[in-house]
Amino acid sequence: MALPWVLTVLSLLPLLEAQIPVCANLRPVPITNATLDRISGKWFYIASAFKNEEFKKMAQDIQATFFYFTPNKTENTIFLRQYQTNRNECIYNSSYLNVQRENGTISKFVAGQEYVAYLLILRDTRTFMLAFDVDDEKKSGLSVYADKPETTKEQLGEFYEALDCLHIPRSEVLYTDSTKDLCEPLEKQHEKERKQEEEKS
């Protein structure tokens with residue numbers, strides 16, 4: 001009697017193995033100092049897909065974005081400097097993100113409202129994802145970032161797998177286009193000003 005059951009279970013194993021890594025991408029892990037070191041520096045926003053209409057609308061206007069993460073391990077914050085090309089205009093802003101180490105989340109207050117995202121570290125060390133409202137069928141969303149403006153199919157593989165897990169069609173993905181970036185001159189100006197300040201001090 002046990003044999004048919006065992007065969008059934010064994011026949012399902014390949015399917016189970018195929019499913020586990022897909023949703024494993026969406027399991028947050030605590031944020032450590034090593035995690036903060038890993039995400040420190042310059043990143044490019046590559047793509048996103050949202051069920052949340054508000055987020056989707058905002059993402060549609062973004063042509064290109066790059067930013068700098070400067071973590072403060074003692075205060076559990078990340079200083080964010082962001083350069084965004086939005087509707088053919090360069091918008092720069094800086095702000096602080098809060099790090100919730102145990103939850104594996106980072107958050108930001110905008111107009112009195114807190115937006116929380118799971119920080120998902122990927123197998124490829126040159127990429128990471130932020131996942132939003134993963135437990136809400138109607139609002140879940142995902143965005144992916146890389147250390148270069150161009151990514152390979154392999155690098156986006158985990159992003160697509162996670163979308164499948166959230167039941168977000170790949171046709172919903174909105175991609176940025178680094179050729180439309182208008183913020184590089186401003187970034188260079190800021191770098192020049194920073195160097196001048198350092199020389200003074």
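Why does Asp136 count as partly exposed? Select Asp136 and colour by accessibility. Its relative accessibility is 32%, so Asp136 falls in the partly exposed class, which runs from the buried limit of 20% to the exposed limit of 50%. Keep in mind throughout that this is a predicted model.

**Stop 1**

Patch members need over 30% relative accessible area, and Asp136 has 32%.

**Stop 2: the aromatic pairs**

Clear the selection and show the rings of Phe, Tyr and Trp. The structure holds 15 aromatic pairs. Start with Phe50 and Phe55. Their ring centres are 5.4 Å apart and their planes meet at 80°, so this pair is edge-to-face. The cut-off for that label is over 60 degrees. Both Phe50 and Phe55 are buried.

Go on to Tyr83 and Tyr92. Here the ring centres lie 4.8 Å apart, with the planes at 50°, so the pair counts as tilted. Check the accessibility of each partner. Tyr83 has 0% relative accessibility and therefore counts as buried. Tyr92 has a relative accessible area of 29%, so Tyr92 is partly exposed.

**Stop 3: the ring cluster**

Which residues do ring pairs link into a cluster? Select Trp43, Tyr45, Phe67, Phe69, Phe128 and Tyr145 to display them.

**Stop 4: two positive phi angles**

Switch to the backbone. Select Asn76. Its phi is positive, about 55°, although Asn76 is not a glycine. Asn76 lies in the loop between strand S2 (62-72) and strand S3 (77-86). With a relative accessible area of 25%, Asn76 is partly exposed.

Now jump to Ala111. This residue also has a positive phi, about 50°, and is not a glycine. Look for Ala111 in the loop between strand S5 (105-110) and strand S6 (113-121).

Is Ala111 buried or exposed? Its relative accessibility is 85%, so Ala111 counts as exposed. The limit for that class is over 50%.

**Last view**

Asn76 carries a positive phi of about 55°. Ala111 carries one of about 50°.

Methods. Residues are numbered from 1 along each chain as its sequence is written. This is a predicted model: local features need pLDDT of at least 70, side-chain atom pairs count only at pLDDT 80 or more; totals for chains, interfaces and linings use all residues. Side-chain values use heavy atoms; hydrogens and water are left out. Buried means under 20% relative accessible area, exposed over 50%, partly exposed in between (1.4 Å probe, protein chains only). Rings of Phe, Tyr and Trp (its six-membered ring) pair if their centres lie within 6.5 Å; planes under 30 degrees apart count as stacked, over 60 as edge-to-face and the rest as tilted. Helices (H or I, at least four residues) and strands (E, at least two) are DSSP runs, numbered from the N terminus.
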